[in-house]
Amino acid sequence: MKPYYYLLIDLACISVPFIASFYKKHSFYKKWGSFFKATIPVALFFIIWDYWFTATGVWGFNKDYLSGFFIGELPIEEILFFIAIPYACVFTYFALLYLVKNNPLQKIEKYITFILTVVFILVAILFYNKLYTFTTAVLGTVFLSYLSYKKINLSYHYLTYLLIIPFFLASNGILTGSFLESPIVWYNNTENIGFRIGTIPIEDSFYGLILIFMNIELFRFFNKKKQLSN
């Protein structure tokens, strides 16, 4: 038995951003109110999605790597995932706004959004019979289309996503079986296209993008609301 591996991954993902949140010149801990107001509804949405897919066998969890505490079908580590990963990503976004004054993606963010939206549409059409692939592609299409309609500049969203890719590959790689005898999270390959980055289903990269962008957008909303009320 090898318990707590998933919990350790959650802690590893949040530990450095948590410590760095107390940097005096640009303190993220002062934004915790806006962060938690943002992350709770997003977490609830993804937990419902997660519960549905777990219950229907789209993916599941290897109990050998878990603490053994479950809420319904979901291990507590999976619930904490939707707090730890958004915290790390929203912190990164917050830090980049301070550290990067001239975003290199500023001039091309509209093209990136257009290309991604087209890719999501094509994937949804081509793989309508793959539940994980189709659901992720449809949600990605709707969400990016909404952000485009609202004329929201996504340059720092994309910069955040690019910066966290190495950490995504490391953490999600371990979760999906890299360096382990068996995966912590397993996937029913009949419900995805079967293309993997190492051990990571390609759909996870789009799932992660949607999770990150939703958290950033709600964080921006509540942070702006707080600033206007002060």
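Trainee: How should I read the accessibility of Arg220, and what is its relative accessible area?

Mentor: This is a predicted model, so the value is computed from predicted coordinates. Arg220 has a relative accessible area of 33% and is partly exposed, because that class lies between the 20% limit for buried and the 50% limit for exposed.

Trainee: Which residue does the side chain of Arg220 meet in a salt bridge?

Mentor: The general idea is that side chains of opposite charge can pair when their charged atoms come close. In this model the partner of Arg220 is Glu217, with an N to O distance of 3.0 Å. The structure holds one salt bridge.

Trainee: Where do Glu217 and Arg220 lie? And is Glu217 buried or exposed?

Mentor: Both residues are in helix H7, which spans residues 202-229. They are three residues apart, about one turn of the helix. Glu217 is buried, as its relative accessibility is 12%, whereas Arg220 is partly exposed.

Trainee: How do I read the packing of H7 against helix H2, and at what angle do their axes cross?

Mentor: Two packed helices are described by the angle between their axes and the distance between the axes. For H2 (residues 32-55) and H7 the angle is roughly 150 degrees, and the axes come within 7 Å. The two helices are therefore roughly antiparallel to each other. The crossing of H2 past H7 is right-handed.

Trainee: Which residues of H2 and H7 meet?

Mentor: On the H2 side they include Phe35, Val42, Phe45, Phe46 and Trp49. Those in H7 include Tyr207, Leu211, Met214, Leu218 and Phe222. By class, this contact of H2 with H7 has 14 nonpolar, four polar and two charged residues.

Trainee: Now H1 and H3. How far apart are their axes?

Mentor: The axes of H1 (residues 5-20) and H3 (residues 76-99) are 9 Å apart, and the packing angle is about 30 degrees. That angle makes H1 roughly parallel to H3. H1 passes H3 in a left-handed crossing.

Trainee: What residues make up the contact of H1 with H3, and how do they divide by class?

Mentor: H1 contributes residues including Leu7, Cys13, Ile14 and Phe18, and H3 contributes residues including Leu80, Phe81, Ile85 and Phe91. The contact of H1 with H3 has 14 nonpolar residues, no polar ones and three charged. Asp10 in H1 and Glu77 and Glu78 in H3 are among the residues that meet.

Trainee: One more position. Where does Val119 lie?

Mentor: Val119 is in helix H4, residues 109-126, and is partly exposed at 32% relative accessible area. Its C-alpha atom is separated by 8.6 Å from that of Thr141, 22 residues apart along the chain.

Definitions and conventions: Residues are numbered from 1 along each chain as its sequence is written. This is a predicted model: local features need pLDDT of at least 70, side-chain atom pairs count only at pLDDT 80 or more; totals for chains, interfaces and linings use all residues. Side-chain values use heavy atoms; hydrogens and water are left out. Axes are lines fitted to C-alpha atoms, for helices over the stretch in contact, and angles run from 0 to 180 degrees between N-to-C directions. Helices (H or I, at least four residues) and strands (E, at least two) are DSSP runs, numbered from the N terminus. Angles under 35 degrees count as roughly parallel, over 145 as roughly antiparallel, 65 to 115 as roughly perpendicular and the rest as oblique. A crossing is left-handed if the near helix is turned anticlockwise from the far one by less than a right angle, and right-handed if clockwise. Contact means heavy atoms within 4.5 Å. Ala, Val, Leu, Ile, Met, Phe, Trp, Tyr, Cys and Pro count as nonpolar, Asp, Glu, Lys and Arg as charged, and the others, Gly among them, as polar. A salt bridge is a side-chain nitrogen of Lys or Arg within 4 Å of a carboxyl oxygen of Asp or Glu. Buried means under 20% relative accessible area, exposed over 50%, partly exposed in between (1.4 Å probe, protein chains only).
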